[in-house]
Amino acid sequence: MDQMVASRVSPGTDFLLLDRARIPTRGLTEWLVAALRDAIGDGRLGPGVRLPATRALADDLAVSRGVVVEAYRRLADEGLVGGRRGGGTVVLARPTGAPRPPRRPARPLTGPLRLPRPRLPVGEGVDLSPGVPDLSAFPRSLWLRTERAVLDDTAPEDLGYGDPRGHPRLRAALAPWLARTRGLRVGPDDIVVVSGVAQAMALLAQLLRRDGLDQIAVEDPGSRGAVDEFAYWGLHPEPVAVDGDGIRVDELAASGTRAAFLTPAHQFPTGVVLAPRRRRELLAWAADADLVIEDDYDAEYRYDRAPVPALHASAPERVAYAGSTSKSLAPALRLGWLVPPPRRYDDVVAAKHATDLGSPTVPQLVLARLLESGEYDRHLRLVRSRHRTRRDALLDALRTYLPEASVHGVAAGLHLLVTLPDAIDDVAVADRLRDAGVLVHPLSWHRRLPGPPGLIIGYAAHPPDRLRDAATTIARVVAARDVT
């Protein structure tokens, strides 16, 4: 089971996607110096970018703090980084003669989840639906302080209709952050600020339909919300099976579709990571396809596995990368980003402009400041620790009260998948659980191909004691004889 991995795997760090497990026992400092020097050389770490605190990076990599301190010292001796009073260690320059990453030249400017699920009465029961973040963790005071600072500094003319691509300051802050944490090599003019992944899907779906495509491959099991979204915009979602290595690329090729929607870093709902061999097969398929949409929906939350770079970095001409703050801050902010292939960039901007004239300016500027100051990353560290504690509580309770269950997807994300014996009707189980005050998703809601039944259980929104109580209720209902 996935939970057995926790004691054996070093999780690595989001910073530059460094993976402690990939290096030899000796030579830690040399390895870290080389990784940082390369990132400065190729532009992933540009001048002025702040490096992580030595203690934080050492904890992430499970190495002594002295290794990181010595690596920073060597880079300082080379003139690549330096200390700033009260500002930590920052990048000073790129090595002479090092190539800059390609940047797009500036150009002149010319859906919600619709599941058939009932809701619990307000204040009653516990909602363990997947995809619900810990909304109580939203940094209200920090957001309010930053918003006040934004309003103090924003000129009246900046409150008019803005750039439909998104505010330049936010796009400038997102580009290095995506490089550091997800491996993307993009500039501000490659990014379009959107109101979430749902809008990114809607814009791209409309362009595909305009180009004459009427099908898009989707993972199965996969997001029911994505299936509904594409169907609304006139694309027929073609299910392609997912196994323990991710999407079956052979079946994808056999489907005849020329576009696909994928969650390769943390497949929803199984939690599997697209295996290296499948990744290569997928990139080969994408070379002759029209578009791959990559939904990086909860990449911030890893607990027991090394980081996985975004697919976009390997095929920027064919992959549209989408992410948002819905899981990291709150869905209500409606803030996200889309990196479309260069040939589709202008069409995406035109569609965005026609849809809503652009995203709200003030929230964009608040997020930009949080990214620039490092407060966003600090918030993610805090929430990630809280989510891990809740994951552990639910997992331990399921082990105790439902030991025969097979639990998947525990190494990352905000939900677990519990698969059940074939004889059990997971929709009936979910209905009984709702009546007992526990709301979960039956796996059947998210699949159209044959497969085992199961329950998708979100854990981010509730404290450990409520999760343990919910686990006892789940075990009791699953054990009942009349849910077959």
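In this predicted model, helix 5 covers residues 168-182 and holds 15 residues. From its first C-alpha to its last, helix 5 reaches 20 Å. That span is close to the 21 Å expected at 1.5 Å a residue. Helix 5 is largely enclosed by the rest of the structure, because 11 of its 15 residues are buried. Leucines at Leu170, Leu174 and Leu178 are among the buried residues, as are Ala173, Ala175 and Ala179. Trp177 and Thr181 are also buried. So are the arginines Arg171, Arg180 and Arg182.

The buried residues of helix 5 pack against several elements. Among these are three strands: strand 4 (192-194), strand 10 (319-324) and strand 11 (336-339). Two helices also take part, helix 11 (361-373) and helix 12 (375-401). Gly183 follows helix 5 and has a positive phi, near 80°.

Arg180 of helix 5 is also in contact with Phe15. Phe15 lies in the segment before helix 1 (28-41). Phe15 counts as buried because its relative accessibility is 8%, under the 20% cut-off. Beyond its neighbours within four places in sequence, Phe15 also contacts Leu36, Leu45, Leu51, Pro52 and Leu57. Leu51 is 36 residues from Phe15 along the chain, yet their C-alpha atoms are separated by 8.8 Å.

A further buried site is Ser129. Ser129 sits in the loop between strand 3 (126-127) and helix 4 (140-153). Its relative accessible area is 3%, so Ser129 is buried. The Ser129 side chain makes a polar contact of 2.6 Å with the side chain of Asp127.

Conventions. Residues numbered from 1 in each chain as written. Predicted model: local features only at pLDDT ≥ 70, side-chain atom pairs only at ≥ 80, totals over all residues. Heavy atoms only, no water. Helix = DSSP H or I, 4+ residues; strand = E, 2+ residues; numbered from the N terminus. Buried < 20%, exposed > 50% of the residue type's maximum accessible area, 1.4 Å probe, protein only. Contact = heavy atoms within 4.5 Å. Expected span 1.5 Å × (residues − 1). Polar contact = N/O pair within 3.5 Å; in protein donor to acceptor, adjacent residues only side chain to side chain.
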